[in-house]
Each structure stands twice: as structure tokens, then as C-alpha cells.
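Biologist: I would like a close look at a single part of this protein, the packing of its side chains. Please take it in one connected answer.

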Amino acid sequence: MTRKIYSGTCDDCPAILSMIIELAAFEKMEDQVKMTLPRLQTDLSAGKFSCAVCREGEQLISFAIYVFTFDLETGRKMYLEDLYVREEHRGRGVGSEMWDYLVETARKNGCSSLEFSVLSWNESAAQFYRKRGAENLTERDGKTLLRY
């Protein structure tokens, strides 16, 4: 079956929201999902975030949500909020293809880096990114991520 990765649209939002809920369940954070379909569609339309999706046949099997931000030292950068591949499609290269698409998107947009966070217990995700050249900034720079 043919796979296609492309910039997600509002028409993709129902499937994206479904995968957001799947991801939250995997992360044991279902109670933290406050996203609604209208808000997801409105925010995507307004350019508050960008997304990439992978379609195989008629089904969306992966999504990535990202934003462009700025670093005082290096300039424009891309922040990856989440990259998710549906469980039944893992181990088939979908994550790698999505990663390559995201790296190319960052390059095309003049970004100095592509940053993201990984839950401390999700060692398989950390290994996935390290294998592709990512380094742990918490260890390297001693930075702590905070939220208000």
C-alpha cells in the first residue's frame, strides 16, 4: 500500500484528534487532553501550529505537530510537540519517514535546530531520536523545562 506524507489540513483533524487521544492513553495522561475538534481545526487554520500526517491508503497512520520559534543564540528553530505512529504501524519505517520529513521541513524553513522533549520513562522514543543524531540537552546544558 502506498504511503504519503504531507502537511495536514482541517479535513485531517478528526483522525489527528483520535491519535492525540491514543497517544495520551499510551502516556497515561488521558485526563489531561482538553483538545476539541473545533479548537484543533481553528488553531490549524489560524496557523497557530503546523502538522504533518502520513496516510496509507485511506487511513491516517501518523501525525506530527510542530511550531516555529526563536532561539536568542541561533535564530529560528522548530519545536516538535509530538510525533505519533499508530501502534499497529510501528516497526515499518513510518516513524523514520516522518522524522525525515520533519528534518527537511526544518531545513527548508531556515531553522537552526529541531527540538522536542521525550518522557523520561519512554526509552524507546529516546533511542529512536538518539539513533538519528539527537542529543540530550538536559544532560548537555543542564536546562530544566518548566510549565506555568
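Biologist: How many aromatic pairs does the count come to? Please go through the rings and the nonpolar core around them.

Modeller: The model is predicted, and the count in it comes to seven aromatic pairs. One of them joins Tyr66 and Phe68, edge-to-face, with 5.8 Å centre to centre and 85° between the planes. Tyr66 has a relative accessible area of 4% and therefore counts as buried, the limit being under 20%. Phe68, at 28%, is partly exposed. Another edge-to-face pair is made by Trp99 and Phe116, whose centres are 5.6 Å apart and whose planes stand at 85°. This pair links distant parts of the chain, since Trp99 sits in helix α3 and Phe116 in strand β5 (residues 114-116), 17 residues apart. Trp99 is buried, with a relative accessible area of 8%, whereas Phe116 is partly exposed at 22%. Ring pairs also tie Trp99 and Phe116 to Phe128 and Tyr129 in a cluster.

Leu80 belongs to the largest nonpolar core, which has 19 residues. Those with the most contacts inside this core are Leu80 itself, Ala64, Met78, Leu83, Met98, Leu102 and Leu114. Two or more residues of the core come from each of the strands β2 (50-56), β3 (59-71) and β4 (75-85) and the helices α3 (94-108) and α4 (123-131). Helix α3 gives the most, with six residues. A second, separate core has 16 residues, including Leu17, Leu23, Phe63 and Tyr84.

Helix α1 (residues 13-26) packs against helix α2 (residues 37-45) at an angle of about 120°, with the axes 10 Å apart. The crossing of α1 past α2 is right-handed.

How values were computed: Residues numbered from 1 in each chain as written. Predicted model: local features only at pLDDT ≥ 70, side-chain atom pairs only at ≥ 80, totals over all residues. Heavy atoms only, no water. Core = buried A, V, L, I, M, F, W, Y, C linked by side-chain atoms within 4.5 Å. Buried < 20%, exposed > 50% of the residue type's maximum accessible area, 1.4 Å probe, protein only. Helix = DSSP H or I, 4+ residues; strand = E, 2+ residues; numbered from the N terminus. Axes fitted to C-alpha atoms, helices over the stretch in contact; angles between N-to-C directions. Left-handed = near helix turned anticlockwise from the far one by under 90°. Phe/Tyr/Trp six-rings, centres within 6.5 Å; stacked < 30°, edge-to-face > 60°.
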